[in-house]
There are 2 protein chains.
Amino acid sequence: MARRLVILTEGFSNPRTAKTAANVIRYRPEEVLAVLDSTQVGRHSGELLQAGRVPFVARLADVPDADTLLIGIAPPGGKIPAPWRAVILEAIDRGMDVVSGLHEFLGDDAEFAEAARRRGVRLQDVRRNHERDVATCLDIDPSTLRVLTVGHDCSVGKMVAAVELTRACTARGLDAKFLATGQTGIMIDGDGVPVDCVVSDFVNGAVERLVKRHQHHDILLIEGQGSLAHPAYSAVTLGLLHGCAPQAMIFCYEAGRTRTTSVEHRPIPPIRDIKRCFETMAEIRHPSRTIGFAINGRLLDDAAARDERRRIEDEFGLPACDLFRDGPETLLAAIVAARADLDRLHPRPKRV
Amino acid sequence: MARRLVILTEGFSNPRTAKTAANVIRYRPEEVLAVLDSTQVGRHSGELLQAGRVPFVARLADVPDADTLLIGIAPPGGKIPAPWRAVILEAIDRGMDVVSGLHEFLGDDAEFAEAARRRGVRLQDVRRNHERDVATCLDIDPSTLRVLTVGHDCSVGKMVAAVELTRACTARGLDAKFLATGQTGIMIDGDGVPVDCVVSDFVNGAVERLVKRHQHHDILLIEGQGSLAHPAYSAVTLGLLHGCAPQAMIFCYEAGRTRTTSVEHRPIPPIRDIKRCFETMAEIRHPSRTIGFAINGRLLDDAAARDERRRIEDEFGLPACDLFRDGPETLLAAIVAARADLDRLHPRPKRV
């Protein structure tokens with residue numbers, strides 16, 4: 001049964017800090033009744049979050065039909081902002097479930113846990129996991145095409161690219177599946193591994209198990225995380241890369257972004273250096289190549305976006321596009337070609 | 001006050017599976033009274049573990065003076081072997097503390113926890129941690145020399161190399177400090193971060209904090225973990241590499257080892273490929289270079305060890321040695337040279 005969601009973004013209603021909110025609205029529009037940010041009443045989500053047309057409200061009481069409160073941000077470190085505690089307690093008191101993707105688990109908070117128990121509602125901590133298996137490199141189907149979205153920084157559109165390209169594949173009649181590896185992807189898909197919250201010894205193994213559960217599909221589009229060049233999150237990124245052992249990677253980046261998220265004093269290295277890191281590190285695990293670029297062009301006007309696309313295609317000799325501006329056709333063709341290459345090496349059994 | 005240890009290795013008394021035991025005996029000889037393995041009574045640790053001359057015993061009752069039981073193995077996955085439970089409970093019953101480096105925490109086991117509470121003894125889970133800080137790349141002293149031991153596989157001697165070279169530096173009058181990043185290192189040093197048990201988002205940050213706590217020393221010798229080429233543990237390895245941002249790396253490998261630990265069907269890639277991975281990935285964070293090789297020559301006779309050393313020095317144009325056979329002088333000289341290079345770039349304040 002569909003949830004009836006209010007998404008909490010109080011004071012943080014911008015597309016980067018509230019990317020969980022934006023993407024749940026984008027990919028689960030039928031479930032979202034309102035966004036809670038008392039500073040933005042009268043506006044809608046399309047204006048502030050670049051997704052949908054969901055109204056902002058000031059109070060939970062303004063959305064009496066809602067049955068679930070969803071925490072709509074994912075701040076560095078994952079802590080619950082202090083002023084939100086009252087809202088969460090009010091939601092519980094109104095009989096709403098609460099869904100959170102933060103590192104700090106609602107269920108481990110004595111006050112929240114006791115309130116939820118008393119009211120009989122569910123606290124769903126999407127990042128909670130008990131992954132305890134190391135990677136084995138065994139029983140991996142060589143005929144499944146594994147495509148990983150990688151990137152030059154956090155929050156550049158790796159999840160969006162994987163979801164959009166899965167939809168494009170499916171629309172073309174291909175048997176493709178999106179694999180979520182972060183809290184927002186899991187909220188959208190209902191399955192996945194919260195890879196950045198797995199104990200580091202088991203990251204590669206957790207991703208390998210996720211892939212094996214879904215390798216009956218012809219094509220897996222795996223959500224990337226962070227960047228090998230990100231000095232804070234590279235452990236997550238490499239565990240994911242080696243755990244899913246992609247034959248193909250799609251490189252995602254935001255044109256015009258120059259500073260590393262959360263360590264802003266550090267410039268982002270050139271794309272060619274980061275691309276080489278991914279290729280070198282993928283290769284040591286499994287033969288792999290970059291098959292195209294997904295450009296996040298939100299900082300560009302249409303003319304600049306066209307120039308950027310041409311510049312990247314010229315520099316790397318690979319297809320590039322802005323999925324929202326240009327549609328998925330260019331990258332879809334690259335995936336279809338990679339699938340055909342793999343068919344020659346490892347033919348896929350025909351389905352009847 | 002020094003502990004009086006019995007080390008449990010029942011049924012696993014070989015230098016690889018019981019590497020925790022071997023290294024605690026090697027670097028804390030004054031603390032170890034006996035090794036508990038009922039299948040090896042009459043032998044000593046030098047024969048089976050290549051460390052010290054500690055006797056094997058069959059029962060805790062044979063070592064009445066002991067006050068602490070230390071779990072001496074670190075199996076993949078970190079689980080407590082079922083037959084050992086009775087020994088742990090007996091130790092608790094005898095009033096002994098229990099020290100463990102396993103992923104499965106003694107303190108989370110209801111039976112152990114209750115027994116320890118009742119008897120008033122301490123269960124020390126060395127891997128337990130609450131690291132929750134992301135790396136910031138701020139306040140890192142550029143004049144501290146950070147040397148990381150890296151390698152081609154698990155269990156090749158990265159901790160041993162870091163400890164031996166720290167001792168060699170100190171003996172030369174240099175201000176050097178060993179930084180432990182694994183359970184055995186922490187048991188030996190009493191400080192450190194159990195990096196493979198940190199939640200993946202915080203690995204880089206945990207290592208960065210460890211470095212900052214100790215950067216008043218002129219030289220840090222940081223214990224490496226796993227390998228960038230290890231398909232199961234590479235997340236840990238990269239988080240550690242980026243967290244400590246070494247200016248210099250010492251590459252450790254076991255001559256003659258061809259199969260990857262715990263994924264034996266996979267050959268270990270050539271050293272030059274793995275070395276390139278480390279250099280490429282270090283460089284994206286901070287300028288860094290390999291300054292020498294520490295060869296683990298336990299599979300070689302003296303003549304083969306000499307040949308191996310020459311072969312590696314010729315191939316890479318870098319100093320190489322087997323620390324146990326050849327002593328530390330060659331690599332010590334490389335560290336001293338790296339310290340001098342850094343002095344030219346970032347002079348270290350003179351101490352009085």
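1. Asp139 of chain A counts as exposed, because 8 C-beta neighbours lie inside 10 Å of A:Asp139. The terms work as follows: a residue is buried if 20 or more other C-beta atoms lie within 10 Å of its own, exposed if 12 or fewer, and partly exposed in between, with C-beta atoms placed from the backbone. A:Asp139 sits in the loop between strand E6 (123-125) and strand E7 (145-151) of chain A. Although A:Asp139 is not a glycine, its phi is positive, about 60°. For background, most residues other than glycine have a negative phi.

2. A word on the source: this is a predicted model, in which local features need pLDDT of at least 70 and side-chain atom pairs count only at pLDDT 80 or more, while totals for chains, interfaces and linings use all residues. Residues are numbered from 1 along each chain as its sequence is written, chains are lettered from A, and ligands are numbered from 1, in the order in which they are written. Helices (H or I, at least four residues) and strands (E, at least two) are DSSP runs, numbered from the N terminus.

3. B:Ser155 is not a glycine, yet has a positive phi of about 50°. B:Ser155 belongs to the loop between strand E7 (145-151) and helix H5 (158-171) of chain B. Is B:Ser155 buried, exposed or partly exposed? B:Ser155 counts as partly exposed, because 18 C-beta neighbours lie inside 10 Å.

4. Helix H5 of chain A covers residues 158-171, which is 14 residues. From first C-alpha to last, H5(A) reaches 20 Å, close to the 20 Å expected at 1.5 Å a residue; the expected span is 1.5 Å times one less than the number of residues. Of the 14 residues of H5(A), 10 are buried, and the helix is mostly covered. Among the buried residues are A:Met159, A:Val160, A:Leu165 and A:Cys169, and also the charged A:Lys158 and A:Glu164. After H5(A) comes A:Gly173, with a positive phi near 90°.

5. The domain assignment of chain A gives domain 1 (5-125) and domain 2 (145-345); such bounds come from an automatic or database assignment. The centres of the two domains, taken over C-alpha atoms, are separated by 27 Å. In chain A, 12 residues of domain 1 are in contact with 10 residues of domain 2, where contact means that C-beta atoms, placed from the backbone, lie within 7 Å. Helix H1 (residues 19-27) of chain A gives the most to the domain 1 side, with 5 residues. By class, that side has 5 nonpolar, 4 polar and 3 charged residues. For these classes, Ala, Val, Leu, Ile, Met, Phe, Trp, Tyr, Cys and Pro count as nonpolar, Asp, Glu, Lys and Arg as charged, and the others, Gly among them, as polar.

6. Chain A contains an open sheet of 6 strands in the order E3-E2-E1-E4-E5-E6, with parallel pairing. Strand E3 (56-57) and E6 of chain A are at the edges with a single partner strand each, so one side of each has no neighbour in the sheet. Strands pair if DSSP finds at least two bridges between them. Strand E4 (residues 68-71) and strand E5 (residues 97-100) of chain A pair in the parallel sense over 3 bridges. Opposite A:Leu70 stands A:Val99 in E5(A).

7. In chain B, an open sheet of 6 strands has the order E3-E2-E1-E4-E5-E6, again with parallel pairing. Strand E3 (56-57) and strand E6 (123-125) of chain B are the edge strands, each pairing on one side only. Strand E2 (residues 32-36) of chain B and E3(B) run parallel and are joined by 2 bridges. B:Val35 has B:Phe56 in E3(B) as its bridge partner.

8. How do the chains relate? Chain A can be laid on chain B with an RMSD of 0.0 Å by a turn of 180° and a shift of 0.0 Å along the axis, after least-squares superposition on the C-alpha atoms of residues with pLDDT of at least 70 in both. That is the relation of a two-fold axis. The same surface serves both copies, as 100% of the contact residues of chain A recur in chain B.

9. Between the chains, 40 residues of chain A are in contact with 40 residues of chain B. On the chain A side, H8(A) gives the most, with 6 residues. That side has 22 nonpolar, 11 polar and 7 charged residues.

Methods. Contact = placed C-beta atoms within 7 Å.
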